[in-house]
Structures are given as structure tokens and as C-alpha cells.
Amino acid sequence: MKLSNFKFKLPEELIAQYPSKHRDECRLMVVHAQTGEIEHLQFKDILNYFDDGDVMVFNNTRVFPAKVLGSKEKTGARIEVFLLRELNSDNKFWDVLVEPARKIRIGNKLYFGEDESMVAEVIDNTTARGRTLRFLYDGPHDEFKAALYALGQTPLPDYIKRDPEPEDEERYQCIFAEKEGAVVAPAAGLHFSRELLKRLEIKGVTSAFLTLHSGCGNFRDIDVEDLTKHRMDSEDMEVTGELVDTVNAAKDRGSNVCAVGTDVLRGLASSVCMEGHLMPFKGWTNKFIFPPYEFSVCTHMVTNFHMPYSTMLMMVAAFGGYDLIMSAYDEAVKKKYAFGAYGDAMLIVR
């Protein structure tokens, strides 16, 4: 597989700039991998594809307000800082991206907030755009973090060409989000409302959770044609013993296991042992999945419609089959499905 295999023409107007009015009322394309059949439904119809004993695995990561606007000392130049992760809570070190990167050097101070009361110093250049900041804050850590997050905005993807609005704080977050750490929302999970989850529960479908803190690497351009040479950014994840027991039991009794999102699919694939079962895992994964790939756990997958050349599209093609998925994407464009995190959804049934 080459990078160019994942090119398709996506009209800009099909990239959703806002979420659907109700979480579970977006459009749903159902792709049957064994027969090639494609159905066009509403997301809440997903109920019809699951039965008592089936398991849906969600990502319970929580997005934090990672986009912070500041200014550079002396010049007052506007600087956009994208918080990635806290490196050291005692010293208030943060791994960040900055734009424009060319204007920032080690030793520069950045000021945040209308009164410029939040100050950070650049102490390291880690990548072309990456930096390590040390925030100069004397108060307790909890107080510092609350003050920093109060300055932040919802980190919408770059393909959403607008500033974050108050609604995004709630809609760019899954209703079951719990463990803070992501700067990218697990978009497939955004379609699930409390009502839909309750109806799945009544039907006997178990909701299970892993944690994978999705980062900006999901949107980083791939700069090699040979996909075997691409390296994913590492992401922090945890698969608990409780999840392992739930999924392995479903697999052993022949029930369906559904990965809700490419992040869940990658997390589960990162914790598979030799016998094709899951084992507990806590650590970092940089697993990159593209066709061909043999999946041993999941029978179903929920996902959004992704951008051309994206690693998420490659994962979906690996799960559903390259030819069928690219054909389904062609149909999605023709039928004007909405793409991106706030767009429509696809269910793949294997």
C-alpha cells in the first residue's frame, strides 16, 4: 500500500463545520464487508445491528481546552500555543506546539490572558514546531491547572474553519468522557446520546471502555509514499483487566465486539496477545494500521468519514477491505455525506 492509494476528491463543502442538531440523528452508512452491500440509514438505527451479549468498546478519554492564545514578550506578537501534555507537574513543564514557530526561541517569555498574568518561558525546542514551556506560577498545581484551562479553547481540528464557540465545549466531547488527556476527540463516540446508550443497554449490549489519549499525530501529514516507513506519534493508553474480561468472554461465546472509533481499534490491536485475545495493557502505543491487516478481536466498527491520505482512513480500509471502503467513500461523496469529526458515521459489519 502506498500513500497515493488513499487519495480521493473531497469537496470542501462536505467537511462538516458544525455538529448535527442531535447526536444520534446524523446519517449512517452501513457497509457489509462480506457481501459488499451498502445501506443508508440514520445513526440511531445502529440498534438493529446488535443483540444481547454483544459488546461496544468506547474510548473514555476527555478532551481538555488545549488551544491557548498568547503574546510574545517585547514584540507583543500573537502566538498560538497548543498544549499537548504535561511533562512535569512539580515544575509545570508542558509539551506544546506553537504557531508561528519561527518566532519562538529558547528563553522567550510568553504571556497569556487579558491581564497577561499567566507567564511561560520557552526552555527547549523539541521538533520543528514543538516546544517545552515552563509556566511561572507560584500557586498550588490544581489552582494553576484551573487557571490555565480557563484561558484555553476547545481544540477543534484545522479543517473546521472557524473559531471555537461555546457549544463546542460540550459537543466536541463524548457524553461518557471521563479521563482527561486528549487533544483530539474520539469522533465516532460523539454520535452516542444518553438515550441511545440506554436503548443499547436495554437490548443487552454491554458498554465497555478503554482509555487512549488521542493526540495531534492523527492529523500529521504523511511525508512518505511507502507506508511502511511512516511512524505514528506515541499515545498514552490503558486497557484494564475489566475490559479484557468483558471482551474475551464475548469473543469466546461468539458475540459481536464493536470498536467505536479508529482510536479504539488501534488500542485493542495494541493489546492483543498470541491467542487472539486481549491482555491488560498500560503504556504507550505507536501502532500504525494499514491494509492488509488481520484483526482478531472486533467484528464491527463505528467510524466517521475521514480526510484523504489520513491514517484514520487507512485503518478503516484495513478493517473493511481497501476496495470496498474506497468505493463506499466514492458513494459518500456522491450522496453528500458530511466528513470529519462533526460529520456523519459509518458502521462496518464483517
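**View 1. The nine-stranded sheet.** Here's an open sheet of nine strands with mixed pairing, running in the order S2-S1-S17-S16-S14-S3-S12-S13-S15. Strands here are DSSP E runs of at least two residues, helices are H or I runs of at least four, and both are numbered from the N terminus; two strands pair if DSSP finds at least two bridges between them. S2 (38-42) and S15 (281-285) sit at the edges with a single partner strand each, so one side of each has no neighbour in the sheet. From one strand to the next, the twist averages 25 degrees (angles run from 0 to 180 degrees between N-to-C directions, with axes fitted to C-alpha atoms, for helices over the stretch in contact). This is a predicted model, where local features need pLDDT of at least 70 and side-chain atom pairs pLDDT 80 or more, while totals for chains, interfaces and linings use all residues. Residues are numbered from 1 along each chain as its sequence is written, and side-chain values use heavy atoms, leaving out hydrogens and water.

**View 2. S3 beside S12, with helix H5.** S3 (residues 55-59) and S12 (residues 206-212) run parallel, paired over five bridges. Look for methionine 56 opposite serine 207 in S12. Helix H5 (residues 262-269) packs on the sheet and touches several strands, including S3, S12 and S13 (235-239); contact means heavy atoms within 4.5 Å. The direction of H5 makes about 80 degrees with that of S12.

**View 3. Who lines the second largest pocket.** Among the 17 lining residues, Val63, Phe64, Pro65, Thr154 and Glu169 are the closest to the pocket's centre. On a 1 Å grid over the protein atoms alone, a pocket is an open set of points where a 1.4 Å probe fits, with protein on both sides within 12 Å along at least five of seven lines, and lining residues have an atom within 4 Å of a point. Strand S4 (61-63) and helix H2 (168-171) each give two or more residues to the lining.
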